[in-house]
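Take a moment to look over the chain before reading on.

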Amino acid sequence: MRYMATYDLMETFRNTNQWLGATALAMGAYPASSLMPNPAFAWMQAWGEVTERTFQRMVVKPDWNIPALPSSDGQDHTVNTEIVVRKDFGDLVHFEIPGRETPARKVLLVAPMSGHYATLLRSTVISLLPDTDLYITDWHNARDIPVSAGKFDIEDYTLYLVDFLKELGPDTHVIAVCQPAPLTLAATAYLAEEDPEAQPRSLTLIGGPIDPDATPTDVTDFGHRMNMGQLEEMMIQRVGFKHPGVGRLVYPGLLQLSSFISMNAETHAKAFTDQIGRVARGEAADHDKHNKFYDEYLAVMDMTAEFYLSTVERIFKNGEIAKNQFSVAGKQVDIGKITTVAVKTVEGSKDDISAPGQCIAALDLCTGLPDAKKASHLEDGAGHYGIFAGKSWRKNIRPLVLDFIDANTPKPTKKPRKSANKNAAA
């Protein structure tokens with residue numbers, strides 16, 4: 001049971017801090033504390049409230065909480081989530097809107113499997129729903145998947161995308177955000193040879209590491225500095241007895257979160273200090289800007305060890321997608337076989353995760369695709385989050401993506417009118 005103790009130790013640390021926060025909140029809220037007016041009690045209560053919420057959110061999968069959608073018929077339509085394809089490691093989910101006329105644009109939004117749930121794209125989903133019939137990949141927390149379900153690496157991930165695309169049909173437009181961009185490109189190329197009729201009409205790749213070495217970042221440098229043995233020793237743990245996936249080797253979400261926070265430790269520390277002050281002064285709210293962001297940011301999920309390690313080794317270290325040497329189930333995938341699917345790349349000039357140059361490399365790999373079906377966009381001043389969920393996405397990128405989808409959607413042909421029968425009896 002190697003590494004299981006470490007996994008449980010992290011969960012114990014999280015659980016203890018949640019309990020300390022709840023205790024401080026309760027003690028600071030005692031009515032008796034009002035007999036001795038002292039700002040220390042208010043600060044203790046505020047610290048407890050922020051601390052309890054922070055550590056509790058780390059183990060909760062956020063709800064979609066999609067607001068009702070206004071429609072041209074003057075009504076607000078509720079948005080429901082429906083599982084179309086159910087699999088062990090992830091589902092294909094449809095955002096169903098009863099009573100609304102189905103939009104012509106059918107879109108599959110491929111969510112990243114990089115430590116957060118698909119709900120990280122909630123704002124992206126909300127922005128697309130008015131104009132599209134939207135589907136999304138909803139990946140599962142690896143600690144909740146029994147060992148009997150088997151492995152899940154980047155080849156399995158690619159085959160999941162192949163199955164989802166087959167289910168949706170050829171009139172689908174795909175938008176892949178960040179991590180899944182190279183694997184979505186590979187899945188499309190796989191379909192080009194195995195089942196051409198199931199290929200999507202267009203493919204939009206947003207801030208993805210198609211060629212990580214094109215423009216190195218701290219993320220790519222880390223992948224090259226560490227060998228696979230070191231990564232396995234430092235990052236991989238075994239799920240503890242508390243969860244259905246007991247015994248499964250994973251890259252734990254809590255360990256990932258510590259890495260996320262360490263990249264901008266001062267910024268996060270200031271954000272929480274300021275929030276404690278706002279709570280103490282009575283200026284905070286349950287769904288204020290801080291809570292809205294961190295409720296999602298802190299909600300992390302475990303990745304299977306084989307998915308994390310194969311991503312680092314095959315995408316970042318060996319550059320198999322960048323060199324067009326990727327294989328799935330023993331079959332070489334040739335990206336040059338993509339000849340009909342329009343491909344667009346989107347990058348942010350200030351993206352420090354997947355820097356400009358990494359994603360646009362996809363266009364050079366599509367050697368069989370005419371230039372008329374290739375497009376790219378570099379959003380000036382945008383960081384990684386901004387190109388798919390921030391102001392840059394809403395104001396500039398989203399309209400461009402929808403225009404790209406429309407440009408690659410066949411126009412419906414008008415049926416010829418039947419001529420009147422002049423010989424009909426009067």
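The model is predicted. Begin with the protein chain as a whole. Its secondary structure consists of 13 helices and 15 strands. Along the principal axes, the C-alpha trace spans about 100 × 60 × 45 Å. A compact globule of 426 residues would have a radius of gyration near 22 Å, and the protein chain has 24 Å, so the two agree.

Next, consider how the residues are placed. Of the 426 residues, 51% count as buried; a residue is called buried when its relative accessible area is under 20%. The protein chain exposes about 20,400 Å², and carbon and sulfur atoms supply 54% of that area. Contacts in the protein chain can also be sorted by distance along the sequence. Among those with a separation of 6 or more, 77% are between residues 24 or more positions apart.

Now turn to the empty space inside. Rolling a probe the size of a water molecule over the atoms shows where empty space is left. How many cavities of 30 Å³ or more does the structure hold? There are 2.

The largest cavity contains about 100 Å³ of space. Its lining is made of 14 residues, and those nearest the centre are Y7, R143, G253, L254 and D302. Two helices, α1 (4-28) and α8 (253-263), each supply at least two residues of this lining. The largest share comes from α1, with 3 residues. Sorted by class, the lining of the largest cavity has 8 nonpolar, 3 polar and 3 charged residues.

The second largest cavity holds about 30 Å³. Its lining consists of F89, M113, H140, A142, I145, F152, D302, M303 and T304. By class these divide into 6 nonpolar, 2 polar and 1 charged.

The lining of the second largest pocket has 15 nonpolar, 5 polar and 1 charged residues.

Two single residues complete the tour. E11 sits in helix α1. Is E11 buried or exposed? Its relative accessible area is 8%, so E11 is buried. Leaving out residues up to four places away in sequence, E11 touches V59, K242 and L254.

Which residues is L363 in contact with, leaving aside its neighbours within four places in sequence? They are V343, T345, K374, A375 and S376. As a last point of orientation, L363 and K151 are 212 residues apart in sequence and, from C-alpha to C-alpha, 31 Å apart in space.

Conventions:
Residues numbered from 1 in each chain as written. Predicted model: local features only at pLDDT ≥ 70, side-chain atom pairs only at ≥ 80, totals over all residues. Heavy atoms only, no water. 1 Å grid on protein atoms, 1.4 Å probe; cavity = no way out; pocket = protein on both sides within 12 Å on 5 of 7 lines; lining within 4 Å. Points joined across faces, edges and corners; volume = space filled by probe spheres on them. Helix = DSSP H or I, 4+ residues; strand = E, 2+ residues; numbered from the N terminus. Nonpolar A, V, L, I, M, F, W, Y, C, P; charged D, E, K, R; others polar. Rg over C-alpha atoms; globule rule 2.2 N^0.38 Å. Buried < 20%, exposed > 50% of the residue type's maximum accessible area, 1.4 Å probe, protein only. Contact = heavy atoms within 4.5 Å. Areas by Shrake-Rupley, 256 points an atom, 1.4 Å probe, with all protein chains shown as cover.
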